[in-house]
Each structure stands twice: as C-alpha cells, then as structure tokens.
Amino acid sequence: MSEDRRALVESTVVHDGRVVHLSVDTVRFPDGSVGRLELVRHRGAAAVLPVPGSREAPDPDVLLLQQYRYAAGGVIYEVPAGIIEPGESWEQCALRELEEETGFRAGTLVELTTIHTTPGFTNEVIHLYAAFDLTEGTACSDEDEFLEVERMPLSKALELTRSGEITDAKSLVTILYAARFLLGE
C-alpha cells in the first residue's frame, strides 16, 4: 500500500535535524475522519551482512559490529548500515557503509529485502543486502561511531538472535533473511 497524498491535510514541522525531521501532521483517515499524528521523516538507509568467506561453506563466517548506541543504553551487535547520501543509489549506500564500518569492499552485493522500521511513527525504510567476495578497503568511521568488527560463524550469529543478544531490528531481519533464503541455514 503506497502513501495516499490526499490523506495529508496539513503538516507542521517541529524539528528539522541532521538525521530526522519531526512534524505533526493533520491527516484524513480511510473512514473520512481527521486526526493529528506525529511523524518522524527519515531519508532511508541501507544495511548489509558481510560474508567474508565462501557462502557455500557449511557454516559461513559473517561480520558483525559491536557498536555503542546511546539510545540502546550501550554496546549492541549490528550489521553495517547507514543513511543514504544525496545522489546515491541504495546499493552505493550499502557498499559505502560496508567499507566505512568494516574496512572491506564487496565484489558481489545481493539484495535481500526492504523493511519499514517502525511504521507507526516513522517513514524510515531500510534496504537490506548481503555482501560477498570481500577484499580489503579502508575503514573510516564517523566521529560519533564507536565500533569493533567481529568475525563469527553464521551459527553463532543465529545463536545471538535466539538468545536475545542481538536486539537491533535491521540486524535481526538481515541475519535471519540471509540465513533462511540465501545461505541455506
């Protein structure tokens, strides 16, 4: 279902920031009634599961980040990801974030799926990928990024999803999707 532009009656910007834009929108609902909703507008992002070895291996290795996230209360496991830059394609965004955050370049990038992160209050969409045929590149994290790259077997990443140690939604979906539909787990 696509956004119905006729639903928007009025929009008042509350905050226009570097990452998000918050507005209070007056909207017309499907039944014809009118109400106010807060909406966080986001440019969108790409996330990628790096697979540094052979994807045909019985238990292929993957790369995950242990990244400090203030909003999550500390360090959490994540896949490399980031916001799209003006003029970039989703694939270019995924490749850039992969290299910046892990120091690896992908020879092959496979599109997995696209998710709406929290459609109750944001229009954020994240495009998910898996990366193969990795070669060394140059890591270059942002000044507010504190992260470490951890290589582990896919089975360990899946165990971290089962045990609740991985709580980041984009990472959960990327790992589970890749394991189920791409890597034959």
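## Strand β9 and its partners

Ala47 has Leu128 in strand β9 as its bridge partner. This pair belongs to a predicted model, in which strand β4, residues 45-50, runs parallel to β9 and is joined to β9 over 6 bridges.

Leu128 of β9 is also the bridge partner of Thr113. Strand β8, which covers residues 104-116, is antiparallel to β9, and 11 bridges join the two. In general, strands of a sheet pair through backbone hydrogen bonds, and the pairing can be parallel or antiparallel. Strand β9 shows both kinds, parallel with β4 and antiparallel with β8.

How many of the 12 residues of β9 are buried? The count is 9, so the strand, residues 125-136, is largely enclosed by the rest of the structure.

## Overall layout

The protein contains 10 strands and 3 helices. Read from the N terminus, the order of elements is β-β-β-β-β-β-β-α-β-β-β-α-α.

Along the principal axes, the C-alpha atoms fill a box of roughly 55 × 35 × 35 Å. The protein has 185 residues, and 41% of them are buried.

## The sheet β1-β2-β3

An open sheet is formed by 3 strands in the order β1-β2-β3, with antiparallel pairing. Its edge strands are β1, residues 8-16, and β3, residues 34-42, and each of these pairs on one side only. From one strand to the next, the twist averages 20°.

Strand β2 spans residues 20-28 and is joined to β3 over 9 bridges in the antiparallel sense. Within this part of the structure, His21 stands opposite Arg41 in β3.

Leu22 also lies in strand β2. Is Leu22 buried or partly exposed? Leu22 has a relative accessible area of 26%, so it counts as partly exposed; the limit for a buried residue is under 20%. From Leu22 to Ser141 the separation is 119 residues in sequence, and the distance in space is 26 Å, C-alpha to C-alpha.

A disulfide is a covalent bond between the sulfur atoms of two cysteines. How many disulfides does a search of the whole structure find? The search finds 0.

For Cys93, the closest cysteine sulfur is in Cys140, 15 Å away, which is too far for a bond. The cut-off is 2.5 Å between the two sulfur atoms.

Cys93 is buried, because its relative accessible area is 0%. Cys140 has a relative accessibility of 49% and therefore counts as partly exposed. The value for Cys140 falls under the limit for an exposed residue, which is over 50%.

Which residues make the nonpolar surface patch of about 510 Å²? They are Tyr68, Tyr70, Val75 and Phe146.

Val75, one of these patch residues, sits in strand β6, which runs over residues 74-78. Val75 counts as exposed because its relative accessibility is 55%.

Methods: Residues are numbered from 1 along each chain as its sequence is written. This is a predicted model: local features need pLDDT of at least 70, side-chain atom pairs count only at pLDDT 80 or more; totals for chains, interfaces and linings use all residues. Side-chain values use heavy atoms; hydrogens and water are left out. Buried means under 20% relative accessible area, exposed over 50%, partly exposed in between (1.4 Å probe, protein chains only). Two strands pair if DSSP finds at least two bridges between them. Helices (H or I, at least four residues) and strands (E, at least two) are DSSP runs, numbered from the N terminus. Axes are lines fitted to C-alpha atoms, for helices over the stretch in contact, and angles run from 0 to 180 degrees between N-to-C directions. Patches are made of residues with over 30% relative accessible area and no salt bridge: like charges are joined within 9 Å, nonpolar side chains (Val, Leu, Ile, Met, Phe, Trp, Tyr) within 5 Å. Accessible areas come from the Shrake-Rupley method with a 1.4 Å probe; for residues, only the protein chains shown count as cover. A salt bridge is a side-chain nitrogen of Lys or Arg within 4 Å of a carboxyl oxygen of Asp or Glu.
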